[in-house]
Amino acid sequence: MADETTDPGPVTTLATPIRLDFDFTPGVAQSKFLRGLERGEFHGQRCGVCGKVYVPSRGSCPTDGVPTTEDVLLGNSGTVTTYCIVNVPFAGQSIEIPYICAQILLDGANLSFMGLLQEIPTDQIRMGMRVEAVWVDEAELTPSLASVRYFRPNGEPDADYDTYKEYL
Amino acid sequence: MADSEVLHAEHRLEYPYSRSTGPVIGAFLTGLRDGRFLGATGSDGRVIVPPTEYDPITSDDVGELVEVGPGGVIESWAWVSQPLRKHPLQTPFAWALVTLDGADTALLHVVDAPGPDALSTGTRVTARFRPAAERIGSMADLEAFVVEGGAS
């Protein structure tokens, strides 16, 4: 038994970490999207039946149930369809609050995805705002969405509601 | 890497939980840290190891904690010829239910043995604890059981 000077006292807590290690394979279609990010480009895929362009593509059209085979290079700009201003701190937060989380419909795409919006005061964000991707330095590009530093307003006039109302 | 090659990435999802042990499990873990086993006395006089916080028959608080082991008997076992990365031993071993001397219930742990031929139901085993400086109050403070009188 330990003496008084080294006695750590009775055990009252137990560390029980739950950990899942896994190897993620994005598949053929998403790998193309990620390879594009490594070059500073957004790549999508078009459905041969309905003509919609998905980004990132899962390799098939969820509406028509067919493989998406045509690769499409999308623009660097897009339209904010909707957004959320984050004011609530949470564990693991890496961005200073408040910040804007926006759904962005890239030019040429028929599916919006979520992006961080910066270089604009939070009270000036609006639906239809035209934005562009800001990429990390070329040496830091990786096949990951971390290659997109954030989106920012690109100075164009707001898009007409009719151009993005289908994507809300 | 060619563009046609499919990507893959290693991910880790982890929740760093910490649990309160309570007075009974805490005492049991404190015992392991001290290199000994404690069991709880039930209302019918049986000794429960590992201890439960409440009597399995009456649901009252369990009685006095008593020391058991460190030797015991294998009740049931299964040989693992190819240990997985997260198993407690990285050499072939057995999962076993061991009833410690003085206990009336069995404890699940591992037996470090040279091979399945060394084990059978009824084999006497004894505890091999980690060195005192490495013990933290965890089930892993008990490194393994080994066959009594055998080479460990």
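This is a predicted model: local features need pLDDT of at least 70, side-chain atom pairs count only at pLDDT 80 or more; totals for chains, interfaces and linings use all residues.
**View 1. Chain A, from end to end.** Chain A holds 2 helices and 10 strands. From the N terminus on, the elements run β-β-α-β-β-β-β-β-β-β-β-α. Chain A has 168 residues, and buried residues make up 24% of them. Take the contacts in chain A between residues at least 6 apart in sequence: 55% of these join residues at least 24 apart.

**View 2. Chain B, from end to end.** Chain B has 1 helix and 10 strands. The order of elements from the N terminus is β-β-α-β-β-β-β-β-β-β-β. Of its 152 residues, 25% count as buried. Among contacts in chain B between residues at least 6 apart in sequence, the share that joins residues at least 24 apart is 48%.

**View 3. The contact between chains A and B.** Here 25 residues of chain B are in contact with 24 residues of chain A. On the chain B side, β1 (9-15), β2 (18-20) and α1 (22-33) each supply at least two residues. β1(B) gives the largest share, 7 residues. By class, this side of chain B has 9 nonpolar, 9 polar and 7 charged residues.

**View 4. Strands paired across the two chains.** Strand β1 of chain A, residues 13-15, pairs with β2(B). The pairing is antiparallel and runs over 3 bridges. One residue pair to look for is A:Leu14 and its bridge partner in β2(B), B:Arg19.

**View 5. B:Ser138 and its surroundings.** B:Ser138 sits in the loop between β9 (124-129) and β10 (142-147) of chain B. The residue is partly exposed, with 15 other C-beta atoms within 10 Å. Leaving aside neighbours within four places in sequence, B:Ser138 is in contact with A:Leu14, B:Leu29 and B:Leu32. B:Phe28 is 110 residues away along the chain, yet the C-alpha atoms of B:Ser138 and B:Phe28 are separated by 9.2 Å.

**View 6. An open sheet in chain A.** Three strands of chain A form an open sheet in the order β4-β3-β5, with antiparallel pairing. β4 (53-54) and β5 (70-74) stand at the edges. Each has a single partner strand, so one side of each is left without a neighbour in the sheet. Strand β3(A), residues 42-46, is joined to β4(A) by 2 bridges. Within this pair, A:Gln45 stands opposite A:Tyr54. Helix α1 of chain A, residues 27-38, packs on the sheet and touches β3 and β5 of chain A. The direction of the helix makes about 150° with that of β3(A).

**View 7. Strand β3 of chain B and its two partners.** β3(B) spans residues 37-41 and is mostly covered, with 4 of its 5 residues buried. One partner is β5(B), residues 65-68, which runs antiparallel to β3(B) and is joined to it by 4 bridges. In this pair, B:Phe37 stands opposite B:Val68. Another partner is β4(B), residues 47-48, which pairs with β3(B) in the antiparallel sense over 2 bridges. Here B:Thr41 stands opposite B:Val47. The hairpin of β3(B) and β4(B) has 5 residues between the strands. In this hairpin, B:Gly45 takes a positive phi near 90°.

**View 8. The loop between β4 and β5 of chain B.** B:Pro50 lies in this loop. The peptide bond from B:Val49 to B:Pro50 is cis, with omega near -5°. B:Ser59 is found in the loop between β4 and β5 of chain B as well. B:Ser59 is not a glycine, but has a positive phi of about 65°. With 8 C-beta neighbours inside 10 Å, B:Ser59 counts as exposed.

**View 9. Backbone details in two loops of chain A.** A cis peptide bond joins A:Ile97 and A:Pro98, with omega about -5°. A:Pro98 is placed in the loop between β6 (77-86) and β7 (99-106) of chain A. A:Glu119 lies in the loop between β8 (113-117) and β9 (130-135) of chain A. Although not a glycine, A:Glu119 has a positive phi of about 65°. A:Glu119 is exposed, with 10 other C-beta atoms within 10 Å.

Technical notes
Residues are numbered from 1 along each chain as its sequence is written. Chains are lettered from A and ligands numbered from 1 in the order in which they are written. A residue is buried if 20 or more other C-beta atoms lie within 10 Å of its own, exposed if 12 or fewer, and partly exposed in between; C-beta atoms are placed from the backbone. Two strands pair if DSSP finds at least two bridges between them. Two residues are in contact if their C-beta atoms, placed from the backbone, lie within 7 Å. Ala, Val, Leu, Ile, Met, Phe, Trp, Tyr, Cys and Pro count as nonpolar, Asp, Glu, Lys and Arg as charged, and the others, Gly among them, as polar. Axes are lines fitted to C-alpha atoms, for helices over the stretch in contact, and angles run from 0 to 180 degrees between N-to-C directions.
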